[in-house]
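Morning, everyone. I have one structure to walk through today. Please have a look at it first.

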Amino acid sequence: MIDYNVTGAFLVGLMGAGHCIGMCGGLIGAFSSQLPKSKNENQFVSQLRFLLSYNLGRILSYSLAGALVGGSASALALLFDIDLYLITLRVIAGLMMIATGLYIAKIWSGVVQIERVGKYLWRFLSPLAKRILPIQTMPQAFVGGMLWGWLPCGLVYSTLTWAVAANSAQQGAMIMAAFGLGTLPALLSVGMAANLFGRWVQNRAVRLISGLILVVFGLQTLYIAIAQLR
């Protein structure tokens, strides 16, 4: 059975590459340029190892955030009418899924406005990120990636609403992990490869089809929520 939330989250990560490259491309480019030179292995392999460690830290932060909001939603369900509570969460998740689909299809970009919310959190984390630079070891790269995972991002916050609606720490973590894995092709690619991948996901037909698929997922989520009211 297809889990539309997990599938949709992966698709958002994959097709949101244009946003990811635009927002984080400079960050990961600066990080790559500061990596230590390896004397014992191929430089490309060494760089790839650091980038994987960096991105695994980022995906772990996404997963922890998903587990946190999903678990919190599950706990709050005990305080409210659980049926109405879950229906409300599904409606919110469905609407956010539709909004994200419209963004990817380049029809409406309102969803990125919620990045403003995360800027307040980043004020506290930014000094910590600066302390570990320049990154010289794999553990530093991993910690740096974990901090990067809390960088304000409208697509991350949108996907987190699906994790809330999952009403489960485990499911919330799976949704956010899928989103993070979807972003890997864009953020592991650098230079020319990143440009080629970015051009592919910016193709109008590719974006439109992907966005409409997410809209359909969102409509299905709304349908399920409304059907439960009967």
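From the N terminus on, the elements run α-α-α-α-α-α-α-α-α-α. That comes to ten helices and zero strands. Both kinds of element are DSSP runs, numbered from the N terminus: helices are H or I with at least four residues, strands are E with at least two.

Now the ground rules. This is a predicted model, where local features need pLDDT of at least 70 and side-chain atom pairs count only at pLDDT 80 or more, while totals for chains, interfaces and linings use all residues. Residues are numbered from 1 along each chain as its sequence is written, and side-chain values use heavy atoms, with hydrogens and water left out.

Some overall numbers. The protein has 230 residues, and 48% of them are buried. Buried means under 20% relative accessible area, exposed means over 50%, and partly exposed is in between, with a 1.4 Å probe and protein chains only. The protein exposes about 11800 Å², and carbon and sulfur atoms supply 69% of that. Those areas come from the Shrake-Rupley method with a 1.4 Å probe; for residues, only the protein chains shown count as cover. Next, contacts, meaning heavy atoms within 4.5 Å. Take the contacts with a separation of 6 or more: residues 24 or more positions apart account for 81% of them.

On to helix pairs. Two packed helices are described by the angle between their axes and the distance between the axes. Axes here are lines fitted to C-alpha atoms, for helices over the stretch in contact, and angles run from 0 to 180 degrees between N-to-C directions. Angles under 35 degrees count as roughly parallel, over 145 as roughly antiparallel, 65 to 115 as roughly perpendicular, and the rest as oblique. For handedness, a crossing is left-handed if the near helix is turned anticlockwise from the far one by less than a right angle, and right-handed if clockwise.

First pair: H1, residues 4-15, and H10, which covers residues 204-227. H1 and H10 pack at about 155°, axes 10 Å apart. That makes H1 roughly antiparallel to H10. The crossing is left-handed. From H1, the contact uses Tyr4, Thr7, Gly8, Leu11, Val12 and Met15. From H10, it uses Val206, Arg207, Ser210, Ile213, Leu214, Phe217 and Gln220. By class, that is eight nonpolar, four polar and one charged. Nonpolar here covers Ala, Val, Leu, Ile, Met, Phe, Trp, Tyr, Cys and Pro; charged covers Asp, Glu, Lys and Arg; polar covers the others, Gly among them.

Is Ser210 buried or exposed? Ser210 is buried, at 7% relative accessible area. Leaving aside neighbours within four places in sequence, Ser210 is in contact with Leu11, Met15 and Ile104.

Among the H3 residues in the contact are Arg49, Phe50, Tyr54 and Leu64. H6 brings residues including Met138, Phe142 and Trp148. The tally is ten nonpolar, six polar and two charged.

The crossing is right-handed. H7 contributes Leu155, Val156, Thr159, Leu160, Trp162, Ala163 and Ala166. H8 contributes Gln171, Gly172, Ile175, Met176 and Phe179. That contact has nine nonpolar, three polar and no charged residues.

What sits in the loop between H7 and H8? Asn167 does. Asn167 is buried, with a relative accessible area of 16%. Its phi is near 60°, a positive value in a residue other than glycine. Setting aside neighbours within four places in sequence, Asn167 is in contact with Gly70, Ala73, Ser74, Ala77, Tyr85 and Leu86. Tyr85 is 82 residues away in sequence, and 9.9 Å away C-alpha to C-alpha.

Last stop, Lys106. Lys106 lies in the loop between H4, 82-104, and H5, 115-131. Phi of Lys106 is near 60°, again positive in a residue other than glycine. Lys106 is exposed, at 56% relative accessible area. That's my tour. Thanks.
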